[in-house]
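Student: Could you take one part of this structure and walk me through it slowly? I'd like to see how a single piece sits among its neighbours.

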Amino acid sequence: MSFSARSIAMRQTGASLVALTGALLVSACAAPNAAKSGTEPLATDLSCTLPSNCVSSLSASGPAPLRFEGSPEQAMAALKSTLVAFPEAQIVSTDAFALSAVFTTPVGFQDNVDFIIDAARQRIDYRSQSRFGLYDFGKNRSRMAAFAEQFEQTSGR
């Protein structure tokens, strides 16, 4: 093999290794926050596995849960009405006490947002978690602050 042929072969091998490493990194980042299909069960654990790209009303440093008055049905109706005010949101699954939505940023990043209604304590706990990446640069926290404000207006509190 000539020097130039060996040089080309080494560059191709290096490029392949870089591509493989990149693919592994991407799949590792995306795996913990895999997309929901809408047919999967709703979240029951609202903890954040990676606090740098997630916010939960159940964490010690998290925002306050949403408060409601009335029945769980009224709370669900208020959640759905609030989501209408966010055009980037799409409801992917719901049941009597839980709702899952996906928020898509203008750039195309997606975040899973899960809500669970606690009828006994008249509160709605939630988690907003990036599907991809290690950091969300505060996006989930700021989104949920805006959501909480809109929820209060929608529910008349």
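This is a predicted model: local features need pLDDT of at least 70, side-chain atom pairs count only at pLDDT 80 or more; totals for chains, interfaces and linings use all residues.

Tutor: Start with what surrounds it: the buried residues of α3 pack against β1 (54-56), β2 (66-67), α2 (72-84), β4 (98-104), β5 (110-118) and β6. Those buried residues are Asn140, Arg143, Met144, Phe147, Ala148 and Phe151. They sit on the same side of α3, because they cover an arc of only 140° around the axis. Turn to the other side of the helix and you'll find Glu149 and Gln153, which are exposed.

As for its length, α3 has 17 residues and spans 24 Å from first C-alpha to last, close to the 24 Å expected at 1.5 Å a residue.

Now zoom in on Arg143. Its side chain meets that of Asp111 in a salt bridge, at 2.7 Å from N to O. Asp111 belongs to strand β5 and Arg143 to helix α3, so this pair ties together parts 32 residues apart in sequence. Both partners are buried. In the whole structure, a search finds four salt bridges.

Finally, look at the two ends of the helix. Phe137 counts as exposed because its relative accessibility is 79%, and the cut-off for exposed is over 50%. Together with Leu50, Leu134 and Tyr135, Phe137 forms a nonpolar surface patch with about 490 Å² of accessible area. Just after α3 comes Gly156, with a positive phi of about 75°.

Key:
Residues are numbered from 1 along each chain as its sequence is written. Side-chain values use heavy atoms; hydrogens and water are left out. Patches are made of residues with over 30% relative accessible area and no salt bridge: like charges are joined within 9 Å, nonpolar side chains (Val, Leu, Ile, Met, Phe, Trp, Tyr) within 5 Å. Accessible areas come from the Shrake-Rupley method with a 1.4 Å probe; for residues, only the protein chains shown count as cover. Buried means under 20% relative accessible area, exposed over 50%, partly exposed in between (1.4 Å probe, protein chains only). Helices (H or I, at least four residues) and strands (E, at least two) are DSSP runs, numbered from the N terminus. The expected span of a helix is 1.5 Å times one less than its number of residues. The arc is that of the directions from the helix axis to the C-beta atoms. Contact means heavy atoms within 4.5 Å.
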